[in-house]
Amino acid sequence: MNLNNNKIFRIDDVGASTKQFEQYGKWKIGNFWFLKRSWPFKKWGPYKELTANEWENVFEVFEKNNIKSMVAITASWVEKDSSLTPFPQKFPEQAAILKKALQEGKVEIANHGLTHCIVGKHLPRFWGSNRKFHREFWPDLPQAVHTEHILKSQEILESYFERPITIFVPPGNVWSYKTYLALRKTNIKKVISSRYMIDSNEKMQDIEFIDDKNGFFCLHDQDIYEKNIIN
Ligand SMILES: [Zn+2]
């Protein structure tokens with residue numbers, strides 16, 4: 001596998017409480033030979049947010065290997081009691097490293113939702129998977145929820161990073177026509193996902209759809225953990 005090409009290395013779920021609350025079985029990803037050799041972490045649990053130090057190491061590795069990177073941030077952490085803490089307040093040191101990397105042109109920052117989940121249904125259930133509730137933009141939710149989540153997440157990210165956020169990566173590849181209507185009120189110019197809108201084939205205006213099966217390596221921190229890349 002050649003990683004030194006034009007593919008963009010995308011890390012999702014940064015700042016998302018989904019990594020803590022979503023519970024489901026293992027799934028397989030490809031063989032990231034390059035990470036096995038040079039990934040800087042010794043331990044990376046599925047429930048842990050990267051530290052500021054680890055982020056610095058990540059960008060070092062990317063730079064050394066000429067990797068273009070994109071980080072898809074979920075703008076708020078959903079606490080157990082369903083309150084939301086904006087990413088820059090929940091993880092101020094990590095946010096600062098990402099902001100610096102952005103300013104230095106080392107990374108692109110994308111919007112990965114406000115919550116990644118249905119707030120209030122995000123805690124693990126006694127029985128079975130709660131995966132459905134760790135998708136944010138289901139078509140049966142009211143338009144007002146789509147609009148509020150999109151606008152709020154953009155506001156948090158744009159005011160912290162001090163520049164327009166133009167890329168939206170729908171959590172779990174689930175988004176719908178209502179999400180698109182909400183995106184039209186923002187600076188978003190691209191939707192990057194493995195799937196088009198779940199409930200519509202309508203062509204978008206002023207927003208481009210990019211299928212991430214081409215041109216991206218998509219990772220979650222949990223993937224890296226489960227592949228034992230870091231051991
Ligand atoms: Zn995600």
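**Why is it called that? A chat about this predicted model**

The protein chain of this predicted model has eight helices and nine strands.

Me: How do you know how far to trust the protein chain?

Reply: Look at the pLDDT. The protein chain averages a pLDDT of 82, and 78% of the residues score at least 70. Two stretches call for care: pLDDT stays under 50 over residues 40-46 and also over residues 224-231. The model does have 16 contacts beyond four places in sequence for residues 40-46, and 19 such contacts for residues 224-231. Still, where pLDDT is low, the predicted coordinates should not be read in detail.

Me: Why is Thr186 called buried?

Reply: Thr186 has 20 other C-beta atoms within 10 Å, and a residue counts as buried at 20 or more, so Thr186 is buried. Thr186 sits in the loop between helix H7 (177-183) and strand S7 (190-193).

Me: Which residues is Thr186 in contact with, leaving aside its neighbours within four places in sequence?

Reply: Thr186 is in contact with Ile150, Leu151 and Gln154.

Me: Why is Asp140 called exposed?

Reply: The count for Asp140 is 7 other C-beta atoms within 10 Å. The cut-off for exposed is 12 or fewer, so Asp140 is exposed. You will find Asp140 in the loop between strand S5 (107-111) and helix H6 (143-161). Asp140 and Asp199 are 59 residues apart in sequence, and their C-alpha atoms are 9.7 Å apart in space.

Me: What makes Asn53 partly exposed?

Reply: Asn53, a residue of helix H3, has 13 other C-beta atoms within 10 Å. Exposed needs 12 or fewer and buried needs 20 or more, so Asn53 falls in between and is partly exposed. The C-alpha atoms of Asn53 and Ile97 are separated by 8.6 Å, with the two residues 44 apart along the chain.

Me: Why are H3 and H5 called roughly parallel?

Reply: The axes of helix H3 (residues 52-64) and helix H5 (residues 92-103) come within 8 Å and cross at roughly 25°. Angles under 35 degrees count as roughly parallel, so H3 is roughly parallel to H5. The crossing of H3 past H5 is right-handed. On the H3 side the contact is made by Ala52, Trp55, Glu56 and Phe59, and on the H5 side by Glu93, Gln94, Ile97, Leu98 and Ala101.

Me: What makes the phi of Ser82 worth a look?

Reply: Ser82 has a positive phi of about 75° although it is not a glycine. Ser82 is in the loop between strand S3 (76-78) and strand S4 (84-86). With 12 other C-beta atoms within 10 Å and a cut-off of 12 or fewer, Ser82 is therefore exposed.

Me: Where is Asp206, and what is its phi near?

Reply: Asp206 lies in the loop between S7 and strand S8 (208-211). Its phi is near 70°, a positive value in a residue other than glycine. Asp206 has 8 other C-beta atoms within 10 Å, and the limit for exposed is 12 or fewer, so Asp206 is exposed.

Me: Which residues have the most contacts inside the largest nonpolar core?

Reply: They are Val71, Ala72, Ile73, Leu98, Ile109 and Ala110, in a core of 43 residues. Not counting residues up to four places away in sequence, Ile109 touches Val71, Ile73, Leu98, Leu102, Leu157, Phe161 and Ile165. In soluble globular proteins, nonpolar side chains tend to be buried together. Of the 231 residues of the protein chain, 37% count as buried.

Me: How many of the contacts between residues at least 6 apart in sequence join residues at least 24 apart?

Reply: In the protein chain, 70% of those contacts do.

Definitions and conventions
Residues are numbered from 1 along each chain as its sequence is written. This is a predicted model: local features need pLDDT of at least 70, side-chain atom pairs count only at pLDDT 80 or more; totals for chains, interfaces and linings use all residues. pLDDT is the predictor's confidence in each residue, from 0 to 100. Two residues are in contact if their C-beta atoms, placed from the backbone, lie within 7 Å. A nonpolar core is a set of buried Ala, Val, Leu, Ile, Met, Phe, Trp, Tyr and Cys residues joined through C-beta atoms within 7 Å. Axes are lines fitted to C-alpha atoms, for helices over the stretch in contact, and angles run from 0 to 180 degrees between N-to-C directions. Helices (H or I, at least four residues) and strands (E, at least two) are DSSP runs, numbered from the N terminus. Angles under 35 degrees count as roughly parallel, over 145 as roughly antiparallel, 65 to 115 as roughly perpendicular and the rest as oblique. A crossing is left-handed if the near helix is turned anticlockwise from the far one by less than a right angle, and right-handed if clockwise.
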